[in-house]
Amino acid sequence: METTRQSREQVLQALRSQVTSDQAVAATPSPHWTIEKSEELYRIKGWGEPYFSINAAGHITVSPKGDRGGSLDLYHLVESLKKRNLDLPILIRFSDILEDRIEQLNACFAKAIARYSYNGVYRGVFPVKCNQQRHLVEDLVRFGRPHQFGLEAGSKPELLIALATLDSPESLLICNGYKDREYIETAMLSQRLGQTPIIVLEQPDEVELVIKASQRLHIRPILGVRAKLSSKGVGRWGGSAGDRAKFGLAIPELLSAVEQLKQADMLDCLQLLHFHIGSQISAISVIKDALREACQIYVELSALGAKMGFLDVGGGLGIDYDGSKTNFYASKNYSIQNYANDVVAEVQEACSARNLPVPTLISESGRAIASHQSILVFDVLGTSDKPGLAAIEPPHEDDHALLRELYDTYDSVHLKNYQEAYHDAVQFKDEAISLFNFGYVSLTERAKIERLYWACCRRILDLVRHEDYVPDDLEDLDRNLASIYYINLSVFQSMPDAWAIDQLFPIMPIHRLDEEPVNRGTLADLTCDSDGKIDQFIDLRDVKPVLELHPVTEHEPYYLGLFLGGAYQEIMGNLHNLFGDTNTVHIHMTPKGYHIEHVVKGDTMTEVLSYVQYDSDDLIENIRRRSEHALQDGTITIEEAQLLLQHYEHSLNHYTYLSSD
Ligand SMILES: *Cc1c(COP(=O)(O)O)cnc(C)c1O
């Protein structure tokens with residue numbers, strides 16, 4: 001972590017001069033606020049280019065084809081979707097972004113191959129586990145066809161998807177994950193349909209299964225082995241590599257596999273070496289180390305008589321979530337081109353040293369392909385009061401001594417003593433609470449003291465904000481004094497990684513970006529779970545505990561967007577508190593503008609209730625029967641009973657999220 005911080009620090013140094021002091025909160029919006037300031041504040045250029053930017057109206061613009069023209073105003077799109085009865089929260093997919101990502105990845109490898117005169121090709125595959133939604137996988141296969149882009153399956157159900165969706169023998173079907181006899185036979189038989197499955201041996205006992213299946217079916221499969229590299233992965237998914245990794249064959253196991261295949265006269269089937277060192281690899285040096293080790297294993301396998309022809313470098317290609325271009329965990333210090341260059345150069349060198357023909361290169365880049373294509377737009381339902389803004393009056397003679405002392409502290413806060421003042425204020429407040437618990441401070445007095453305490457904190461925060469150095473004990477002030485923005489969303493359903501592993505996603509308003517965001521807030525979701533919140537946001541320096549936001553007004557909805565969440569979030573989302581899938585639309589750019597290709601309505605309450613085995617007819621019948629009893633008992637009127645049933649039935653057929661009307 002130390003080195004991570006260091007190189008990030010260097011980048012910060014270079015950028016710090018650009019950061020203006022306008023980010024300090026002002027009570028009223030600055031008339032001098034510009035969209036450029038919003039760009040800088042939310043770092044949209046860093047993580048969003050070339051797809052997302054801000055237009056003159058202060059709205060986010062989406063350019064799904066990147067630099068190749070065509071764009072739309074995201075705010076207007078959301079408004080027009082709402083007119084089509086597609087309520088928020090809504091997941092908007094841009095199929096053109098998906099296409100552009102595939103093209104970029106392939107173009108980078110093509111360029112690297114040309115640059116190093118690599119005498120082989122790149123045939124990427126998309127790991128289905130990253131996003132299994134049918135429309136998306138179908139799009140991927142279609143966009144991938146010109147590049148012979150294939151699919152990677154990590155489980156039996158994913159194999160079923162890949163088999164039915166891939167339709168070209170040129171595209172590879174990489175079969176990973178735990179396998180049983182049925183998995184292996186299904187994969188082998190698909191060769192007869194003109195597919196090109198490569199069965200990757202991940203566990204020692206899969207070798208025997210594969211040999212038996214091959215003999216039974218009289219099919220000679222293409223086989224791969226997944227090696228457990230000793231090069232360490234880093235970060236969150238670092239455990240995917242190394243001796244304790246869940247998958248892959250250790251070197252002795254790899255050699256036994258070779259021996260077993262040789263005995264069965266199948267060594268020529270072994271053609272691929274695979275490794276995967278984890279997802280979101282932030283540092284290119286880690287990838288290089290792994291490549292070096294894998295290349296040596298590759299050439300050695302070849303020397304042992306395997307008919308090697310494919311090297312599969314797995315996933316891990318990172319995304320710059322915070323736009324800092326560093327080796328911070330939410331960023332990466334390399335481009336796709338750097339990545340492709342390193343893969344090609346490293347393999348080229350290892351093979352030429354042994355006079356071996358170079359392999360077909362495969363990468364299983366999921367996150368890098370699927371992250372950008374969707375935006376989740378959600379609305380803010382309301383905000384909590386900001387503590388510390390109440391007007392403070394000097395205390396009276398007969399006010400509690402603690403209140404008077406706290407007021408003196410409040411009154412004397414200045415740049416030279418704020419840390420001490422903070423400690424004093426905390427102490428006075430804590431004392432007041434103890435005295436309250438013993439009955440020596442009244443509820444009214446306690447309210448006054450707490451109000452004054454928050455005012456004191458806010459004064460200190462306003463001073464601290466302009467300082468370069470903030471003492472550790474004051475770092476929580478920003479969070480404690482932030483407003484809470486209540487969002488119409490479930491973090492558990494729509495951004496599970498933010499909850500489970502503190503992953504950072506860029507989140508920002510999609511409109512009003514020509515107006516200064518004078519508030520600072522954290523986000524709280526609809527669930528009754530205190531973990532259902534977002535209080536870590538991307539920042540140039542590490543992460544920030546609060547997000548700059550606009551005051552919410554009564555007459556205008558306030559929309560926020562979550563970006564780069566197109567990988568992993570949808571399928572890992574869960575039904576906590578029974579909030580279901582959100583509405584989803586697929587947008588495709590046309591010469592005239594855009595076209596809504598598919599609408600996938602979010603779950604209704606009937607649907608989510610059926611996951612937990614409730615039948616909506618039974619539920620309605622239950623309420624009807626109870627209403628009848630209540631009518632007979634005279635505890636409900638016929639009109640009330642009718643309204644209750646109406647609401648109940650209507651809810652069952654509708655969205656699990658709150659509606660704005
Ligand atoms: C998850 C996974 C991938 C995808 O990794 P990304 O970092 O999303 O590119 C690729 N290969 C294997 C074996 C995986 O388990």
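Visitor: Is Thr326 buried or exposed, and what is its relative accessible area?

Guide: Before the answer, two remarks on conventions. This is a predicted model, in which local features need pLDDT of at least 70 and side-chain atom pairs count only at pLDDT 80 or more, while totals for chains, interfaces and linings use all residues. Residues are numbered from 1 along each chain as its sequence is written, and side-chain values use heavy atoms, with hydrogens and water left out. Buried means under 20% relative accessible area, exposed over 50%, and partly exposed in between, using a 1.4 Å probe and protein chains only. Thr326 has a relative accessible area of 3% and is therefore buried. Thr326 belongs to the loop between strand S11 (310-312) and helix H12 (336-353); helices (H or I, at least four residues) and strands (E, at least two) are DSSP runs numbered from the N terminus.

Visitor: Which side chain makes a polar contact with that of Thr326?

Guide: A polar contact is a pair of N or O atoms within 3.5 Å; within protein, one must be able to donate a hydrogen and the other to accept it, and residues adjacent in sequence count only if both atoms are side-chain atoms. Here the side chain of Ser324 is the partner of Thr326, at 2.8 Å.

Visitor: Which residues does Ala187 touch, not counting residues up to four places away in sequence?

Guide: Contact means heavy atoms within 4.5 Å. On that basis Ala187 touches Leu159, Cys175, Pro197 and Ile199. Ala187 sits in helix H8 (residues 181-189) and counts as buried because its relative accessibility is 0%.

Visitor: Which residues are the closest to the ligand?

Guide: A residue is near a molecule if one of its heavy atoms lies within 4 Å of it. The ligand is surrounded by 16 residues, the closest being Lys129, Ser279, Glu364, Gly366 and Tyr568. Oxygen atoms of the ligand lie 2.6 Å from an N or O atom in the Lys129 side chain, 2.5 Å from a polar side-chain atom of Ser279 and 2.6 Å from one of Tyr568. The protein covers 92% of the 390 Å² of accessible area that the ligand has on its own; such areas come from the Shrake-Rupley method with a 1.4 Å probe, and for residues only the protein chains shown count as cover.

Visitor: Where is the peptide bond cis, and what is omega?

Guide: Glu49 and Pro50 are joined by a cis peptide bond with omega about 0°. Pro50 falls in the loop between helix H3 (44-48) and strand S1 (52-54). From Leu88 to Pro89 the bond is also cis, with omega near -5°; Pro89 belongs to the loop between helix H4 (74-83) and strand S4 (90-94).

Visitor: How many helices and strands does the chain have?

Guide: The chain has 23 helices and 23 strands. Of its 661 residues, 53% count as buried.
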